[in-house]
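Thanks for asking for a second pair of eyes on this one.

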Amino acid sequence: QTVLQVPMQATYQAAKAEILDWIVMLPIAEAKDFQVGHIACTRNDWGEKVVKEVNAILCRDISTERYLGFFAPYVGEELLPEFRSKYQELLVKPCQQ
C-alpha cells in the first residue's frame with residue numbers, strides 16, 4: 001500500500017497504528033522540505049484580536065524545548081537535525097523580530 005503524506009504526519013499515523021517499523025519514507029523531489037501552517041480568523045476586530053493572542057502564545061512557547069519536543073518523535077532521527085535548523089529559521093526567528 002502507498003500513502004503520500006508529509007513525513008511527520010506519516011510517522012504520527014504509523015505510530016498510532018503501531019506499524020512504525022513497517023513504513024519507509026521516500027522524498028518527493030517537487031515537495032517542499034517543510035511547510036509552515038497558519039492560523040486564520042474572520043476579518044474583523046474580534047478576528048484580529050484572536051490572531052494576535054494566538055500569535056503571542058505561539059511565539060512565547062515555540063522557542064522552548066518542550067514545544068519542539070512535541071514534534072521531534074514524529075520527525076524521525078534522520079530528519080531531526082534538518083528539522084531543528086528549519087524550525088529555528090521558519091518559526092523561532094520570525095517570532096524574535
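1. A definition to start with: contact means heavy atoms within 4.5 Å. With that in hand, the buried residues of H3 pack against H1 and H4. Please keep in mind that this is a predicted model.

2. Which residues of H3 are buried? They are Leu 68, Phe 71 and Val 75. They sit on the same side of H3, because they cover an arc of only 70 degrees around the axis. On the other side of H3 you will find Arg 66, Phe 70 and Pro 73, which are exposed.

3. Now for the partner helix, H1. Its buried residues are Ala 10, Thr 11 and Ala 14. Seen down the axis of H1, these fall within an arc of 100 degrees, so they line one face of the helix. H3 is included in what covers the buried residues of H1.

4. How do H1 and H3 cross? Their axes come within 7 Å, at an angle of roughly 80 degrees. Angles of 65 to 115 degrees count as roughly perpendicular, so H1 is roughly perpendicular to H3. From H1 the contact takes Pro 7, Met 8, Thr 11 and Tyr 12, and from H3 it takes Phe 71, Pro 73, Tyr 74 and Val 75. By type, the residues of this contact divide into seven nonpolar, one polar and no charged.

5. Next, the core. The largest nonpolar core has eight residues: Ile 62, Leu 68, Phe 71, Val 75, Leu 80, Phe 83, Tyr 87 and Val 92.

6. Phe 71 deserves a look of its own. Which residues does Phe 71 contact, leaving aside its neighbours within four places in sequence? They are Met 8, Phe 83 and Tyr 87. Phe 71 is also one of the H3 residues in the contact with H1 and a member of the largest nonpolar core.

7. Finally, two backbone spots to check. Glu 18, in the loop between helix H1 (7–16) and helix H2 (45–61), has a positive phi near 60 degrees, in a residue other than glycine. Glu 18 is exposed, with a relative accessible area of 70%. Just after H3, Gly 76 takes a positive phi of about 100 degrees.

Definitions and conventions:
Residues are numbered from 1 along each chain as its sequence is written. This is a predicted model: local features need pLDDT of at least 70, side-chain atom pairs count only at pLDDT 80 or more; totals for chains, interfaces and linings use all residues. Side-chain values use heavy atoms; hydrogens and water are left out. Helices (H or I, at least four residues) and strands (E, at least two) are DSSP runs, numbered from the N terminus. Buried means under 20% relative accessible area, exposed over 50%, partly exposed in between (1.4 Å probe, protein chains only). Axes are lines fitted to C-alpha atoms, for helices over the stretch in contact, and angles run from 0 to 180 degrees between N-to-C directions. Angles under 35 degrees count as roughly parallel, over 145 as roughly antiparallel, 65 to 115 as roughly perpendicular and the rest as oblique. Ala, Val, Leu, Ile, Met, Phe, Trp, Tyr, Cys and Pro count as nonpolar, Asp, Glu, Lys and Arg as charged, and the others, Gly among them, as polar. The arc is that of the directions from the helix axis to the C-beta atoms. A nonpolar core is a set of buried Ala, Val, Leu, Ile, Met, Phe, Trp, Tyr and Cys residues joined through side-chain atoms within 4.5 Å.
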